[in-house]
Amino acid sequence: MAITLKPARQQVIHAYVDVNFSDVTSGVAANAIQLPPNAVVLAGRVTTLTAFNSATSDKFAIGDAASGTRYVSAAEVHATGNVALTPTGYSNTVQDYITVTWTGVSTAPTAGKVRVSVDYVVLGREQFSQG
């Protein structure tokens, strides 16, 4: 049996948000990036631009309303660097948000900034044809 080719194509959409230490509360999920219905995250990362400086540790979880750790459970942001998101193939059926949850241990930070970025497509979206 032959595969039925599909000519519909779309470009990957990139979205990002910068999150400062003063934007988040330890253990509380915050909406960070709005996604349309039927979005599927293909890639992404947490980039620590300025290290969070809680006394012991600082970690970010990246997910959504249904699973706060869908893409990353504990990205270390106590030092600068990048942590890749783990795409799961999940497709939301309604408008949703990528959420961030910061967890700090010991004294509250006085500095810190991360960039959360995602690349996604929208199932059923057609921008142009190929073939």
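Along the sequence, the chain reads β-β-β-β-β-β-β-β-β-β. It comprises 10 strands and zero helices; both are DSSP runs numbered from the N terminus, with strands (E) of at least two residues and helices (H or I) of at least four. The model is predicted, so local features require pLDDT of at least 70 and side-chain atom pairs pLDDT 80 or more, while totals for chains, interfaces and linings use all residues. Residues are numbered from 1 along each chain as its sequence is written, and side-chain values use heavy atoms, without hydrogens or water.

The C-alpha trace spans about 60 × 25 × 25 Å along its principal axes. Of the 131 residues, 34% are buried (buried, under 20% relative accessible area; exposed, over 50%; partly exposed, in between; 1.4 Å probe, protein chains only). The accessible surface is about 7,200 Å², and carbon and sulfur atoms contribute 53% of that area (Shrake-Rupley method, 1.4 Å probe). Contacts are heavy atoms within 4.5 Å. Among those between residues at least 6 apart in sequence, 82% join residues at least 24 apart.

The chain carries 8 positive and 8 negative side chains (Lys and Arg positive, Asp and Glu negative; His and chain ends not counted). The centres of the two sets lie 8 Å apart, with each charge placed at NZ of Lys, CZ of Arg, CG of Asp or CD of Glu.

One cavity of 30 Å³ or more was found in the whole structure. A cavity is a set of points on a 1 Å grid over the protein atoms alone where a 1.4 Å probe fits but cannot get out, and lining residues have an atom within 4 Å of a point. Grid points are joined across faces, edges and corners, and the volume is the space filled by probe spheres set on the points. The largest cavity holds about 40 Å³. Its lining consists of Leu35, Ala39, Val41, Asp64, Tyr71, Tyr90, Asn92, Asp96 and Ile98. Strands β4 (39-50) and β8 (96-105) each supply at least two of the lining residues.

Glutamine 10 sits in the loop between β1 (8-9) and β2 (13-20). Beyond its neighbours within four places in sequence, glutamine 10 contacts Val121, Val122, Arg125, Gln127 and Phe128.

Most residues other than glycine have a negative phi. Asparagine 38, in the loop between β3 (29-35) and β4, has a positive phi near 70°. This asparagine 38 is partly exposed because its relative accessibility is 32%. Serine 106, in the loop between β8 and β9 (113-122), also has a positive phi, about 85°. Serine 106 counts as exposed because its relative accessibility is 53%.

Terms used. On a 1 Å grid over the protein atoms alone, a cavity is a set of points where a 1.4 Å probe fits but cannot get out, and a pocket is an open set with protein on both sides within 12 Å along at least five of seven lines; lining residues have an atom within 4 Å of a point.
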